Amino acid sequence: MTTNGLTFKNKEELKMFIAEEVINTSEAIEILGCSRQNLNDLVNRGVLTPIKEMVRDKLFFKSDILERKKVVMARKQ
């Protein structure tokens, strides 16, 4: 099974990838230590790009959120 250039042996492997590598708005806010409004501002300015947007939630790659956190932490030093 191939999805966007990533290859998975079966649905279970895909489910594991999603569970480990995809996070929702609430999880992103917790990792970044910011408000929902701040997260939405980052999305609106193109700093962060969700992989899926729903009415009340967004999904992000965890690696994108962790990379943003590194940038923020580096600025604080």
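Leaving aside its neighbours within four places in sequence, which residues is T25 in contact with? Keep in mind that this is a predicted model. The list reads R36, L39, D57, K58 and F60.

Now, where does T25 sit? It lies in helix α2, residues 25-32. And is T25 buried or exposed? Its relative accessibility is 3%, under the 20% cut-off, so T25 counts as buried.

Next, the helix as a whole. The buried residues of α2 are T25, A28, I29 and L32. Look down the axis of α2: these residues fall within an arc of 100 degrees, so they line one face of the helix.

What do the buried residues of α2 pack against? Two of the elements are strands, β3 at 22-24 and β5 at 58-61. The others are helices, α3 at 36-44 and α4.

Let me take α4, which covers residues 62-76. Two packed helices are described by the angle between their axes and the distance between the axes. Here the axes of α2 and α4 come within 9 Å. They cross at roughly 25 degrees. That is under 35 degrees, so α2 and α4 are roughly parallel to each other. The crossing is right-handed.

Who makes this contact? From α2, we have A28, I31 and L32. From α4, we have I65, L66, R68 and K69. By class, the contact of α2 with α4 has 5 nonpolar residues, 2 charged and no polar ones.

Technical notes:
Residues are numbered from 1 along each chain as its sequence is written. This is a predicted model: local features need pLDDT of at least 70, side-chain atom pairs count only at pLDDT 80 or more; totals for chains, interfaces and linings use all residues. Side-chain values use heavy atoms; hydrogens and water are left out. Helices (H or I, at least four residues) and strands (E, at least two) are DSSP runs, numbered from the N terminus. Buried means under 20% relative accessible area, exposed over 50%, partly exposed in between (1.4 Å probe, protein chains only). Contact means heavy atoms within 4.5 Å. Axes are lines fitted to C-alpha atoms, for helices over the stretch in contact, and angles run from 0 to 180 degrees between N-to-C directions. Angles under 35 degrees count as roughly parallel, over 145 as roughly antiparallel, 65 to 115 as roughly perpendicular and the rest as oblique. A crossing is left-handed if the near helix is turned anticlockwise from the far one by less than a right angle, and right-handed if clockwise. Ala, Val, Leu, Ile, Met, Phe, Trp, Tyr, Cys and Pro count as nonpolar, Asp, Glu, Lys and Arg as charged, and the others, Gly among them, as polar. The arc is that of the directions from the helix axis to the C-beta atoms.
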